[in-house]
Amino acid sequence: MDLFIHTPLQQEWLGRLSGKGDSFRNRADGIDKSGTFPSENVTELIDMGYTKITLPSSYGGEGLRIYDMVLLQEMLASYDASTALSIGWHLSVVGELFEKSLWEQGSMSFIAEEIAKGALINRAASEAQTGSPTRGGRPGTTAVKQGNKWVITGRKIYTTLSPMLTYFVVSAWIEEKMTIGQFLLHRNLEGLRIEETWDTMSLRGTGSHDLVLDHVEVDEDQLVELGTHPRKVESPLNAWLLHIPACYLGIAQAARDYALRFACEYTPNSISGPISQLANIRQLIGEMDLELMQARHFLYSVAGAYDDELRRGRLETELGAAKHAVTNSAISIVDKAMRIAGIRSLQLDNPLQRYYRDVRAGLHNPPMDDAVLNKIALSAIERTTGPVQGHIK
Ligand SMILES: Cc1cc2nc3c(=O)[nH]c(=O)nc-3n(C[C@H](O)[C@H](O)[C@H](O)COP(=O)(O)OP(=O)(O)OC[C@H]3O[C@@H](n4cnc5c(N)ncnc54)[C@H](O)[C@@H]3O)c2cc1C
């Protein structure tokens with residue numbers, strides 16, 4: 001990873017984060033087994049100022065860019081993936097909001113002050129009927145104007161970080177405007193509640209529960225974004241979503257480190273010395289490290305290209321491609337790590353089985369593999385034939 005550290009600020013933040021390494025690693029198994037949200041970890045991250053790293057310095061944050069966030073998130077995920085994915089959503093919502101100035105100035109200043117004080121924010125977009133919002137489905141959650149208030153009713157699923165979120169950015173269909181709006185909702189609003197439904201085999205600590213909205217009333221200015229289309233992830237480009245592959249790369253690194261240590265220490269009595277001397281084990285180690293190198297170079301190259309304003313405009317399909325490639329490589333690396341460790345990798349007290357379950361979740365975070373490949377293919381075809389009409393974008 002040293003090769004990818006360029007600035008004193010990155011070094012400083014990595015140093016601070018590494019101070020949490022032992023305690024976060026030690027808590028990871030308990031979080032997974034009980035499926036509880038890592039409140040202690042998140043509180044410590046808030047206390048060290050980590051939750052404002054993507055807030056611009058002009059608003060009291062650290063002003064870190066995509067590349068920096070990816071670097072830190074990868075390290076955090078190697079300690080505890082549930083903590084990393086949860087905080088990653090907060091960091092990316094903040095990063096995108098301020099990079100693109102998505103809201104009116106008053107709302108931006110308000111939320112900046114809140115984040116500087118330690119508030120947490122995430123988007124609640126997924127619903128049972130629409131599935132992934134990146135597919136373009138219309139939300140079943142509705143917002144109806146009554147007097148000078150909006151009344152919001154519906155149910156969101158998979159709302160990561162819900163046990164500690166201060167603010168939810170909720171998408172809702174506004175019939176009178178025939179469009180989708182994004183509403184900023186404080187967790188203490190009457191009619192808003194969390195139903196603890198998140199019980200999956202992967203990332204069990206992310207607290208990605210249901211958000212239930214039962215006639216929640218908010219002021220007019222809580223309608224912070226208005227769009228004609230559902231919020232499709234890749235349009236416009238949202239490079240802040242690179243926190244997702246960073247998380248899965250961190251899991252892969254942790255699995256590889258465990259397997260390598262095991263290979264160097266395990267000495268069955270059929271050979272003299274550790275299994276790391278065996279050709280079959282060396283092949284697996286070599287393949288794991290090769291895939292890690294490929295994934296890391298791809299991810300950091302794309303993140304760096306986005307941060308470089310001269311090159312950003314030339315990015316086309318690379319953001320989604322990096323997510324696809326890194327996530328699938330991470331799955332493959334964890335698989336190889338488990339082959340090295342043998343049956344021990346299946347024991348419930350072995351971290352490899354947790355990495356195996358956690359890394360699978362990457363397939364179901366946006367953008368999805370089929371959407372990425374379709375976009376790459378369409379881009380290639382259009383470069384050859386010109387714009388294609390009537391194709392699914
Ligand atoms: C760990 C984790 C954390 C998450 N956190 C959040 C969060 O904080 N906020 C949030 O809003 N969401 C969150 N999500 C939800 C996520 O963004 C997606 O909405 C969800 O994972 C969609 O799952 P799906 O692909 O199975 O759903 P679906 O979209 O229902 O897809 C199910 C199947 O149907 C196919 N399919 C459905 N529609 C289409 C289509 N139009 N074209 C092609 N194929 C289609 C899919 O390929 C898939 O095979 C989280 C998900 C995970 C795993």
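This is a short walk through one chain, from its overall build to a few single residues.

First, the ground rules. The model is predicted, so local features need pLDDT of at least 70 and side-chain atom pairs count only at pLDDT 80 or more, while totals for chains, interfaces and linings use all residues. Residues are numbered from 1 along each chain as its sequence is written, and side-chain values use heavy atoms, with hydrogens and water left out.

Now the overall build. The chain has 12 helices and 8 strands. Those are DSSP runs, numbered from the N terminus: helices are H or I with at least four residues, strands are E with at least two. The radius of gyration is 22 Å, close to the 21 Å of the globule rule for 393 residues, so the chain is as compact as a globular protein of that length. That radius is taken over C-alpha atoms, and the rule is 2.2 Å times the number of residues to the power 0.38. Along the principal axes, the C-alpha atoms fill a box of roughly 80 × 55 × 40 Å.

Next, domains. Domain 1 covers 2-119, domain 2 covers 122-227, and domain 3 covers 239-385. These bounds come from an automatic or database domain assignment.

Let's look at domains 2 and 3. Their centres, over C-alpha atoms, are 32 Å apart. On the domain 2 side, 7 residues are in contact with 9 residues of domain 3, where contact means heavy atoms within 4.5 Å. The buried area between them is about 670 Å², with 60% from carbon and sulfur atoms. Buried area is the accessible area (1.4 Å probe) that two parts lose on being put together, summed over both. Which residues of domain 2 lose the most area to domain 3? They are Arg135, Met201 and Leu203, together 67% of what that side buries.

Leu203 is not a glycine, yet its phi is positive, about 45 degrees.

On to charges. Across the interface of domain 2 and domain 3 there is 1 salt bridge, meaning a side-chain nitrogen of Lys or Arg within 4 Å of a carboxyl oxygen of Asp or Glu. Arg135 pairs with Asp370 in a salt bridge, with the closest N and O atoms 2.9 Å apart.

The whole structure has 28 salt bridges. One of them joins Arg65 and Asp307, at 3.9 Å from N to O. Arg65 is in the loop between α3 (39-47) and α4 (66-79), and Asp307 is in helix α8 (residues 279-307), so the pair ties together parts 242 residues apart in sequence.

Last stop: a cis peptide bond. It joins Pro366 and Pro367, with omega about -10 degrees. Pro367 is in the loop between α11 (351-360) and α12 (369-385).
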